[in-house]
Amino acid sequence: ITVVIDKGEAGYTGKLSEATGMVPELPLKNIVFKDGKLAFEFDLAQGAGSMLIKIELTLDSETLKGAWFDPEGNSDIIELTLKK
């Protein structure tokens, strides 16, 4: 996956995309970056509805490490390489 986050005057904006195209580009919301920690949410399409996914990451050198969570209590580890 690729996550792109920009900082503007009104705060952070972002989007998430997936290389194979199985998941359409998704806008990120509630983006917070503070004290080396990044958190954001997005709505993942699920059949006729959608599911809110929350991601919480910690910046460790050039890597963002953490986990994603869904409302059903599922979660898994995620690691993203930082590119500027």
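Buried means under 20% relative accessible area, exposed means over 50%, and partly exposed lies in between, computed with a 1.4 Å probe on protein chains only. The model is predicted: local features need pLDDT of at least 70, side-chain atom pairs count only at pLDDT 80 or more, and totals for chains, interfaces and linings use all residues. Residues are numbered from 1 along each chain as its sequence is written, and side-chain values use heavy atoms, with hydrogens and water left out.

**View 1. D6 in strand β1.** D6 belongs to strand β1; strands (E, at least two residues) and helices (H or I, at least four) are DSSP runs numbered from the N terminus. With a relative accessible area of 46%, D6 is partly exposed. Apart from neighbours within four places in sequence, D6 is in contact (heavy atoms within 4.5 Å) with G11, Y12 and T13.

**View 2. The three-stranded sheet.** Strands β1, β2 and β3 form an open sheet in the order β1-β2-β3, with antiparallel pairing; two strands pair if DSSP finds at least two bridges between them. At the edges are β1 (2-8) and β3 (26-27), each pairing on one side only. Strand β2 (residues 11-17) is joined to β3 by two bridges, and these strands run antiparallel. L16 has L26 in β3 as its bridge partner.

**View 3. The five-stranded sheet.** Another open sheet holds five strands in the order β4-β5-β6-β7-β8, again with antiparallel pairing. Its edges are β4 (29-34) and β8 (75-81); each has a single partner strand, so one side of each is left without a neighbour in the sheet. Neighbouring strands of this sheet are turned by 25° against each other on average, direction ignored; axes are lines fitted to C-alpha atoms, for helices over the stretch in contact, and angles run from 0 to 180 degrees between N-to-C directions. Strands β5 (residues 37-46) and β6 (residues 49-60) pair in the antiparallel sense over 10 bridges. F42 has I53 in β6 as its bridge partner.

View 4. E41 sits in strand β5. E41 is buried yet has no salt bridge, and K54, the nearest side chain of opposite charge, is 4.0 Å away. A salt bridge is a side-chain nitrogen of Lys or Arg within 4 Å of a carboxyl oxygen of Asp or Glu; Lys and Arg count as positive, Asp and Glu as negative, and His and the chain ends are not counted. The side chains of E41 and N30 are joined by a polar contact of 2.6 Å. Such a contact is a pair of N or O atoms within 3.5 Å; within protein, one must be able to donate a hydrogen and the other to accept it, and residues adjacent in sequence count only if both atoms are side-chain atoms. Beyond neighbours within four places in sequence, the contacts of E41 include P27, L28 and L52.

**View 5. Two loop residues with positive phi.** Most residues other than glycine have a negative phi. D35, in the loop between β4 and β5, has a positive phi near 55°. D35 is exposed, at a relative accessible area of 70%. S61, in the loop between β6 and β7 (63-69), has a positive phi of about 60°. S61 is exposed as well, at 60% relative accessibility.

**View 6. The hairpin of β7 and β8.** Strands β7 and β8 run antiparallel and are joined by seven bridges. A67 stands opposite I77 in β8. Five residues lie between the two strands of this hairpin, and G73 in the turn has a positive phi of about 95°.
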